[in-house]
Amino acid sequence: MCEKGFFNLEIFKTDNNMDRLFIFDTTLRDGEQVPGCQLNTIEKIQVARALETLGVDVIEAGFPISSPGDFNSVVEISKAVTWPTICALTRGVQKDIDVAAEALKYAKNKRIHTGIGTSDFHIKHKFNSNQEDILERAIAAVKYAKKYVEDVEFYCEDAGRTDNVYLARVVEAVIKAGATVVNIPDTTGYCLPWEFGDKIRFLMENVKGVHNAIISTHCHNDLGMATANTISGVLNGARQVEVTMNGIGERAGNTALEEIAMILKCHKGLNIETQINTQKISSTSRLVSSLMNMPIQPNKAVVGRNAFAHSSGIHQDGVLKNRESYEIMDPKDVGIDENSIVLTARSGRAALKHRLHLLGMETEGDKLDAIYEEFLKLADRKKDINDDDILLIAGMERNEKQRIKLDYLQVTSGVGVKAVASIGLMIANEKFEAAASGNGPVDAAIKALKQIINREMNLQEFTIQAINKGSDDVGKVHMQVEHQGAIYYGFGANTDIVAASVEAYINAINKFVK
Ligand code: KIV
Ligand code: ZN
């Protein structure tokens, strides 16, 4: 069995004599940068523990100098997990590195991830500098980080658009300065797969000492090529991939962890293996989606609701005769058990606690009681309670501290009649009421809400999603509300989608009304 925490660069082969690919998860750093996806420290610890169980090698826990919250999260995650290396991001400047080293104090295996932009765009426009100066800064950053930790990763930001000859000079210099991993990010998601693969091969063939470090990929998905580029990088010599759960991340996101893990599982002929326990993919994916309020597109590869659903008659017939006619993966391999027991109003606390445990949430005492109470309320309205519902209920208590709360909502609507809504809000324990009409129930309810909260605010994005099948399903609403030039994210979930919409709007307002 290969040891975890991998400063030992000899560890490149698995027990099966396959090449070992290290999984560097940046859900809690690049993924968490997405507006609306911010987690508090407790939630980050939950995700970090789930990632540890999933089997990732490295957890990028945050960018400590960016905020006290990020600093604290790196400290607490370092204490909470054992096996994965905990990594902290910095810019290539001493102050950042000092703060990262301090945040990593409690990590059993620690890494500082420092770097600088290497493309002409970054050198000229971001740093108003030149290639020689950037090279010197890169070397200095690595040497400075080495004073604190053995394991130093260097990123060449915008490597995707960096000239290969200059990139090779930087990579060679930082390895000589002591970098144990060199990250080649396609920061803008620009490269074509063959181009990115050629870049990695160029480095493997032209950098003196390249085998003293691990070359890593970090691909963004702006043109939908992140996974293809990552695989191309791996086929050309990269042995670490930087990924996020569900592919979340800046703009169009990062390479999805689950896609890389399953590609390598399905294509054994590539002779490359990760230590991911793929049966934990589904629960980890749901946990991240639920805590981050980030819905998974239904047709998302590997973890989407429809990823294993066969709807056409021809496909259904084929699958019934032989599953492999249309399925290249067994749903069980990603942890989807079609026979898993659904919870109902008759299920007890112990069953709920066990299900939460399977979903990566440890709960007991008052917290379990509160979740159980919500569970029973939902079970009264909905026959079968599934995993998404449970994750939703477990996340609800986060909204309890909101200043503005929905007290009641009554809506009349239908065909040929005007929609009318009356609403009651509790604001700092005082009740406010209003009524309004609109072109539909949501419009009427939001107009009534706006009569009470009289601020300049505009609804920018509004998504309603039902999780499963059935007219009794819980509807999830995601909203973006603009207020004084800033965008605030709101989330609501209810079996009544008008109520879910109002809850989402109130959730957003609570972020700017103090
Ligand atoms: O996309 C990128 O270049 C990054 C670096 C900071 C590693 O996220
Ligand atoms: Zn990135």
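Analyst: A residue is called buried when its relative accessible area is under 20%, exposed when it is over 50%, and partly exposed in between, with a 1.4 Å probe and only the protein chains considered. The model is a predicted one, in which local features need pLDDT of at least 70 and side-chain atom pairs count only at pLDDT 80 or more, while totals for chains, interfaces and linings use all residues. Residues are numbered from 1 along each chain as its sequence is written, chains are lettered from A and ligands numbered from 1 in the order in which they are written, and side-chain values use heavy atoms, with hydrogens and water left out.

The shell around ligand 1 consists of Arg29, Asp30, His113, Tyr155, Glu157, Asn183, Pro185, Thr187, His218 and His220, where a residue belongs if one of its heavy atoms lies within 4 Å of the molecule. By class, this shell holds two nonpolar, five polar and three charged residues. In this scheme Ala, Val, Leu, Ile, Met, Phe, Trp, Tyr, Cys and Pro are nonpolar, Asp, Glu, Lys and Arg are charged, and the others, Gly among them, are polar. Two strands, β6 (151–157) and β7 (181–186), each contribute at least two residues to the shell. Strands (E, at least two residues) and helices (H or I, at least four residues) are DSSP runs numbered from the N terminus.

Several side chains make polar contacts with ligand 1. Such a contact is a pair of N or O atoms within 3.5 Å; within protein, one must be able to donate a hydrogen and the other to accept it, and residues adjacent in sequence count only if both atoms are side-chain atoms. Thr187 places a polar side-chain atom 2.7 Å from an oxygen atom of ligand 1. For Arg29, a side-chain N or O atom is 2.9 Å from an oxygen atom of the ligand. Taken alone, ligand 1 exposes 260 Å², of which the protein buries 92%. Accessible areas come from the Shrake-Rupley method with a 1.4 Å probe; for residues, only the protein chains shown count as cover.

Ser216 is located in strand β8 (residues 214–219). Ser216 is buried because its relative accessible area is 0%, and its side chain makes a polar contact of 3.0 Å with that of Glu242.

A further side-chain contact joins Asn246 and Ser285, at 2.8 Å. Asn246 belongs to the loop between β9 (240–243) and α9 (257–266). With a relative accessibility of 12%, Asn246 counts as buried, and its phi is positive, near 65°, although the residue is not glycine. Of the eleven residues in helix α10 (residues 281–291), ten are buried. Asn293, which follows α10, has a positive phi near 55°. In the loop between α10 and α11 (313–321) lies Val302, another residue other than glycine with a positive phi, near 70°. Val302 is buried because its relative accessible area is 7%.

The whole structure contains three aromatic pairs. Rings of Phe, Tyr and Trp (its six-membered ring) pair if their centres lie within 6.5 Å; planes under 30 degrees apart count as stacked, over 60 as edge-to-face and the rest as tilted. One of these pairs is Tyr144 with Tyr148, edge-to-face, with centres 6.0 Å apart and 80° between the planes. Tyr144 is buried at 14% relative accessible area, whereas Tyr148 is partly exposed at 40%. The rings of Tyr372 and Phe375 are stacked, because their planes meet at 25°, with centres 5.8 Å apart. Both residues lie in helix α13 (residues 365–381), three residues apart, about one turn of the helix. Tyr372 is buried at 11% relative accessible area, and Phe375 is buried at 0% relative accessibility.
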